[in-house]
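Here is a short note to keep beside you as you look around. Please have the sequence and the model open while you read.

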Amino acid sequence: INKKNLDIGHEQKQKGKQKYIPLSKRQDRPEAALWLIKNYNILSDGQIAKLVGSTKNTVELIRNKTYWNSSNLAPKDPVVSNLCSQIDIQNATAKAERREARKKKELAKNKKLEKKA
């Protein structure tokens with residue numbers, strides 16, 4: 001007899017299929033990205049895009065103040081907008097700090113090698 005194991009209780013996240021975002025909520029992502037840029041400038045564009053659910057290109061435009069609606073953007077906390085959790089932000093900043101420490105260590109190592117040569 002044929003038996004099938006199904007996980008009915010767990011929903012799988014579908015990639016590529018976007019759910020409808022109301023007009024009033026569409027400005028939340030760029031505003032959240034601006035808030036993260038101002039408060040956690042150590043985060044990379046990719047990390048901010050992942051936290052907010054935007055693209056790296058949009059985050060780069062917001063960072064460079066060339067976003068089409070940058071004059072009307074007001075920083076808004078992404079946790080309040082329910083785009084990510086505080087734990088996600090803390091994990092991302094910890095990862096960025098480790099990356100920065102690794103870069104500093106590598107630069108010090110390169111300087112040390114240059115002095116010997």
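1. A word on terms to begin with: buried means under 20% relative accessible area, exposed over 50%, and partly exposed in between (1.4 Å probe, protein chains only). Helices are DSSP runs (H or I, at least four residues), numbered from the N terminus. In H2, the buried residues are Gln47, Ile48, Ala49, Leu51 and Val52.

2. Please keep the origin in mind: this is a predicted model, in which local features need pLDDT of at least 70, side-chain atom pairs count only at pLDDT 80 or more, and totals for chains, interfaces and linings use all residues. Residues are numbered from 1 along each chain as its sequence is written, and side-chain values use heavy atoms, with hydrogens and water left out.

3. Now look at the helix pair. H2 (residues 45-52) packs against H3 (residues 56-63) at about 115 degrees, and their axes are 8 Å apart; axes are lines fitted to C-alpha atoms over the stretch in contact, and angles run from 0 to 180 degrees between N-to-C directions. H2 is therefore roughly perpendicular to H3, a label used for 65 to 115 degrees. On the H2 side the contact is made by Asp45, Gly46, Ile48 and Ala49, and on the H3 side by Lys56, Val59, Glu60 and Arg63.

4. Which residues have the most contacts inside the largest nonpolar core? They are Leu36, Leu43, Ile48, Leu51 and Ile62, in a core of 19 residues. Such a core is a set of buried Ala, Val, Leu, Ile, Met, Phe, Trp, Tyr and Cys residues joined through side-chain atoms within 4.5 Å. H1 (28-39), H2, H3 and H4 (86-116) each supply at least two of its residues, and H1 gives the largest share, with 6.

5. Beyond its neighbours within four places in sequence, leucine 43 is in contact with Leu36, Ile48, Leu51, Arg63, Ala92, Thr93 and Ala96.

6. Finally, compare two positions. Alanine 32, in H1, is buried, with a relative accessible area of 0%. The C-alpha atoms of alanine 32 and proline 78 are separated by 4.8 Å, although 46 residues apart along the chain. Glutamine 90, in H4, is partly exposed, because its relative accessible area is 47%.

Terms used
Angles under 35 degrees count as roughly parallel, over 145 as roughly antiparallel, 65 to 115 as roughly perpendicular and the rest as oblique. Contact means heavy atoms within 4.5 Å.
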